[in-house]
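This report concerns the salt bridges of a protein chain. The sequence and structure are shown first.

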Amino acid sequence: MPAERRASVLRLDSLLRPSPSPSASSPCAGSPPIDALDRHFALEIPRVFSEPERAALIAGVRAARAEWTADFGGEQFSLGRAFYTHLETGRSRLYFADAAASDARVERHLPGLQRRMRELVAALTGGLAQPRRGFCGPGVHIFPAGEKVAREGGVVHFDTEGLSDYHLARRLRAITAVVMLDLPEADGGLKLWDVLYDGRDDATDEARAARSLVARYSPGGALVIDSYRLHQIQPFPGDRDRISATVHAAEIDRGRWETWF
């Protein structure tokens with residue numbers, strides 16, 4: 001397939017709604033939507049949450065401010081514990097010890113969010129999406145306006161921290177889905193490179209020089225990427241925080257996926 005066709009984001013308008021007939025830009029009938037990640041940098045799913053739902057979720061996140069988890073000295077926060085932040089700050093034991101309570105906090109403040117994120121994974125994969133035993137379920141990241149990510153952008157990385165050595169060695173399928181709840185005033189998109197994980201966690205200069213694009217979010221919409229793809233949150237100006245819901249998923253058996261945050 002021509003290289004230029006891969007540097008693109010495929011929009012899937014009908015993923016979460018019945019479609020009368022497949023279109024030429026949609027995955028083939030019988031093929032799960034994530035198969036399109038072999039041909040595109042990302043998938044875009046608009047309106048995962050309606051405007052009223054999105055407003056209610058933002059209000060729930062704000063109301064839960066006292067129960068946010070601070071990460072990297074307050075550079076970012078989460079509602080529900082995120083595995084990668086705890087791994088990188090030496091708090092993995094706390095992450096696992098608090099997993100059940102983390103899920104309870106998310107459900108209390110954002111009822112139904114975790115279920116909806118798993119349903120999104122199921123629709124994308126055409127398979128069964130279930131919670132990963134012992135891990136925290138889908139949660140929310142809050143990147144405050146004016147803080148480090150807003151000023152400089154996020155770390156250039158792959159989403160491989162939660163994958164087992166067995167999974168990585170066999171390059172079994174894994175995806176990351178991010179639903180934007182509250183957009184910053186401008187920018188804050190996701191830069192994607194034509195680079196897949198090769199066993200090195202750090203991005204080389206050669207990798208950073210590869211072809212890339214910046215995918216834009218829509219309010220209540222999702223971007224879905226291959227977890228092995230190199231990516232980075234872009235800086236954003238203004239006074240509005242960037243608030244997004246995230247689920248990671250890995251295929252552990254044919255058609256069976258485990259999800260976590």
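## A linked network

Arg11, Asp13, Glu44 and Arg47 are joined in a network of salt bridges, a salt bridge being a side-chain nitrogen of Lys or Arg within 4 Å of a carboxyl oxygen of Asp or Glu. Strands (E, at least two residues) and helices (H or I, at least four) are DSSP runs, numbered from the N terminus.

Arginine 11 is partly exposed, at 38% relative accessible area, whereas glutamate 44 is buried, at 16%. Buried denotes under 20% relative accessible area, exposed over 50%, and partly exposed the range in between (1.4 Å probe, protein chains only).

## Basis of the model

The model is predicted; local features need pLDDT of at least 70, side-chain atom pairs count only at pLDDT 80 or more, and totals for chains, interfaces and linings use all residues. Residues are numbered from 1 along each chain as its sequence is written, and side-chain values use heavy atoms, with hydrogens and water left out.

## Further salt bridges

The structure holds 16 salt bridges. One of them joins arginine 108 and glutamate 67 at 2.9 Å, N to O. These residues are 41 apart, with arginine 108 in helix α4 (residues 99-109) and glutamate 67 in the loop between α1 (51-63) and β3 (69-71). Glutamate 67 is partly exposed, at 28%.

Arginine 105 forms a salt bridge with aspartate 98, the closest N and O atoms lying 2.7 Å apart. Arginine 105 is buried at 12% relative accessibility, and aspartate 98 is buried at 14%.
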